[in-house]
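Welcome, and thanks for taking a look at this one. Please open the sequence and the 3D view side by side before reading on.

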Amino acid sequence: TVTEVIRKQMAEAGPDYFVGQFAFGDLTLAETLHSIELFARDVMPVLRGTLAGSPLDPLHRAHRNALG
């Protein structure tokens, strides 16, 4: 699934952020917006759960940075 591919890539690369490209080729605006909606509904919540407490979690990084 898209979620598993992204999760695997993030685990291997250890990125600070994720950039998704949703508009490409000849996709219509409606198709692009639908892709974004699916990503927000189905992928983001799973990735948030995967990242919680890990070094990739934005809250974890903010706390670590505040501590110096």
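What follows is a short briefing, grouped by topic.

This is a predicted model, in which local features need pLDDT of at least 70, side-chain atom pairs count only at pLDDT 80 or more, and totals for chains, interfaces and linings use all residues. Residues are numbered from 1 along each chain as its sequence is written, and side-chain values use heavy atoms, with hydrogens and water left out.

**Overall layout and confidence**

- The protein chain holds three helices and zero strands, and its elements run α-α-α from the N terminus on. Helices (H or I, at least four residues) and strands (E, at least two) are DSSP runs, numbered from the N terminus.
- The average pLDDT of the protein chain is 81, and 72% of the residues score at least 70. Here pLDDT is the predictor's confidence in each residue, from 0 to 100.
- Among the elements, α2 has the highest mean pLDDT (89), while helix α3 (residues 58-67) has the lowest (56). Where pLDDT is low, the predicted coordinates should not be read in detail.
- Of the 68 residues, 18% count as buried. Buried means under 20% relative accessible area, exposed means over 50%, and partly exposed is in between (1.4 Å probe, protein chains only).
- The protein chain has an accessible surface of about 5300 Å², and carbon and sulfur atoms account for 62% of that surface. These areas come from the Shrake-Rupley method with a 1.4 Å probe, and for residues only the protein chains shown count as cover.

**The nonpolar core**

- Five residues form the largest nonpolar core: I6, M10, F39, V43 and L47. Such a core is a set of buried Ala, Val, Leu, Ile, Met, Phe, Trp, Tyr and Cys residues joined through side-chain atoms within 4.5 Å.
- Helices α1 (2-13) and α2 (29-51) each supply at least two residues of this core, and the largest share, three residues, comes from α2.
- F39 sits in helix α2 and is buried, because its relative accessible area is 13%. Setting aside neighbours within four places in sequence, F39 is in contact (heavy atoms within 4.5 Å) with I6, F18, F22 and M44.

**T3 and D42**

- T3 belongs to helix α1 and counts as buried because its relative accessible area is 10%.
- Beyond its neighbours within four places in sequence, T3 is in contact with D42, V43, V46 and L47.
- D42 lies in helix α2, and its relative accessibility of 37% is why D42 counts as partly exposed.
- D42 and V2 are 40 residues apart along the chain, and their C-alpha atoms are separated by 9.5 Å.

**Salt bridges**

- The count of salt bridges is three. The rule asks for a side-chain nitrogen of Lys or Arg within 4 Å of a carboxyl oxygen of Asp or Glu. Side chains of opposite charge can pair when their charged atoms come close.
- E4 and R7 are joined by a salt bridge at 3.0 Å, N to O. Because they are three residues apart in helix α1, E4 and R7 are separated by about one helical turn. E4 is partly exposed at 44% relative accessibility, and R7 is partly exposed at 27%.
- E12 and K8 form a salt bridge at 3.9 Å, N to O. They are four residues apart in helix α1, so about one helical turn separates them. Both E12 and K8 are exposed.
- R41 and D42 pair in a salt bridge whose closest N and O atoms are 2.8 Å apart. R41 is exposed, with a relative accessible area of 56%, whereas D42 is partly exposed, at 37%.

**A nonpolar surface patch**

- L29, L33 and I36 make a nonpolar surface patch of about 280 Å². Patches are made of residues with over 30% relative accessible area and no salt bridge, where like charges are joined within 9 Å and nonpolar side chains (Val, Leu, Ile, Met, Phe, Trp, Tyr) within 5 Å.
- L29 is placed in helix α2 and is exposed, because its relative accessible area is 61%.
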